[in-house]
Amino acid sequence: MAGCRMKLELSRVVQGKGRLGVLKDLGKTGQHSLEVPGCLLHTHLGTVPHLTRDTLQTLSNLPAVTQVTLSNIAEHQEVLEEFKDGFRRFAGLHNTVLYCSLHDPATPCPTGYTTNKTVSVWGSGGRIELTVAKFMALQKTVQPDWYQSMADGETWQSGTSRKRVRKSVDRTLAHLDECLLAHQNSQELEGVEVFGVVEGGDILEERVRSGRETAKRPVAGFCLDGLQTGSMHQALRTQLIAAVTKELPEDKPRLLQGVGRPDEVLACVEAGVDLFEGFFPSQVTERGCALCFGISSDPELAVLELAEEKEASGETQHNGDSNPADQSRMTSFEIDLKDKRYKDDFRPLVEGCGCYCCVNHQRAYLHHLLVTNELLARVLLMIHNTAHYQAFFRALREALANDKLDVLKRRVLKEMTD
């Protein structure tokens, strides 16, 4: 396999773990880049939920990398093979880097369907079983810029036996070796990068073994799997990530799968994670909620913003549950606009937000759209939630650059206690 074109240039490492930099030379032409820490653009079959391409382009500073998943694409394999020009052209995607993952992080999938030779994905028509040969045939059909290797990721549930976790690591390494061999012999995948997958459940020794062995293979980066929200407490997740990243080369990116809550993102960045899947705004939108948490790393501005919010509302704004075990439940970083308290609230979703929704509409209008089941409600919510989440990552990078990460952490974590 040819050397990796993708390059991670770090400008700063905070306390030996938190990394600030730029992922350069992305895509087959090498013209794109992505700032880290950062997140990918989450899509369903190449489309951001509820947004047309033109509407999406009203948002500035979108990620240069679009994520698609085999769980959505696999059932359309025959159509794509007949089309022949890859998923990017099929979906009308332009000027973006295409990353293909195995599962959709916004949609939980059943467990118990993995074998020594196969993994399963779940599309709208049900289960689709993938061998390495079928997996690689799909990659040739999709023609992404980079993709994650096939992996046995079914050991994230607490209580999984050590024997099952060890088998998961062994299977994933075997799948990676088969994928790399097929990749090397494929002209269609020339110039495409492969990310190796690190498994190991909640067992430290297996996590370290998986990371060490995966790092020996010629991969462009690493997907840290089985650490998603609800699988374990954040303290254990941080411990496992910190141990794994010690085994990984400094010059290759680490992508964490299944984590999107702002408090967990901050903790994982401190442990050495570079990239996240951008599915959290989609989940919030589907709940009929709006992201509404402070993202300023300026201590004086943060205090002022909080005081103004409380004075204006006269009550706690967030009515979510800070327990992350159930990803379908509302979090404390969002407001439920279906609540009656917002029927005569004429403020924007977030004061000072420059998105189309906040500039042109009020909370009361969103409340009306939601209770009357208007389609426009989730269009406006998705615009805002995407913009606010991207602003959070910009604030995170700025905090790392200016030694204000602790200030940003206090600001974000305060939302969980108010």
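User: Before we start, what counts as a disulfide here?
Analyst: A disulfide is a pair of cysteine sulfur atoms within 2.5 Å. Keep in mind that this is a predicted model.

User: How many disulfides does the search find?
Analyst: Zero, and the search covers the whole structure. Take Cys223: the nearest cysteine sulfur belongs to Cys100, 11 Å away.

User: Is Cys223 buried or exposed?
Analyst: Cys223 is buried, at 0% relative accessible area.

User: Why does Cys353 count as buried?
Analyst: Because its relative accessibility is 17%, and buried means under 20%.

User: New topic, the sheet. What order do the strands have?
Analyst: The order is S1-S2-S3, in an open sheet of three strands with antiparallel pairing. Strand S1 (7-14) and strand S3 (32-36) are the edge strands, each pairing on one side only. From one strand to the next, the twist averages 10°.

User: What holds strands of a sheet together in general?
Analyst: Strands of a sheet pair through backbone hydrogen bonds.

User: How many bridges join S2 to S3?
Analyst: Four, with S2 (residues 18-26) and S3 running antiparallel.

User: Which residue in S3 does Val22 stand opposite?
Analyst: Val22 stands opposite Glu35.

User: Which helix lies across S1, S2 and S3?
Analyst: Helix H14, residues 376-401. H14 runs at about 120° to S2.

How values were computed. Residues numbered from 1 in each chain as written. Predicted model: local features only at pLDDT ≥ 70, side-chain atom pairs only at ≥ 80, totals over all residues. Heavy atoms only, no water. Buried < 20%, exposed > 50% of the residue type's maximum accessible area, 1.4 Å probe, protein only. Pairing = 2+ DSSP bridges. Helix = DSSP H or I, 4+ residues; strand = E, 2+ residues; numbered from the N terminus. Axes fitted to C-alpha atoms, helices over the stretch in contact; angles between N-to-C directions. Contact = heavy atoms within 4.5 Å.
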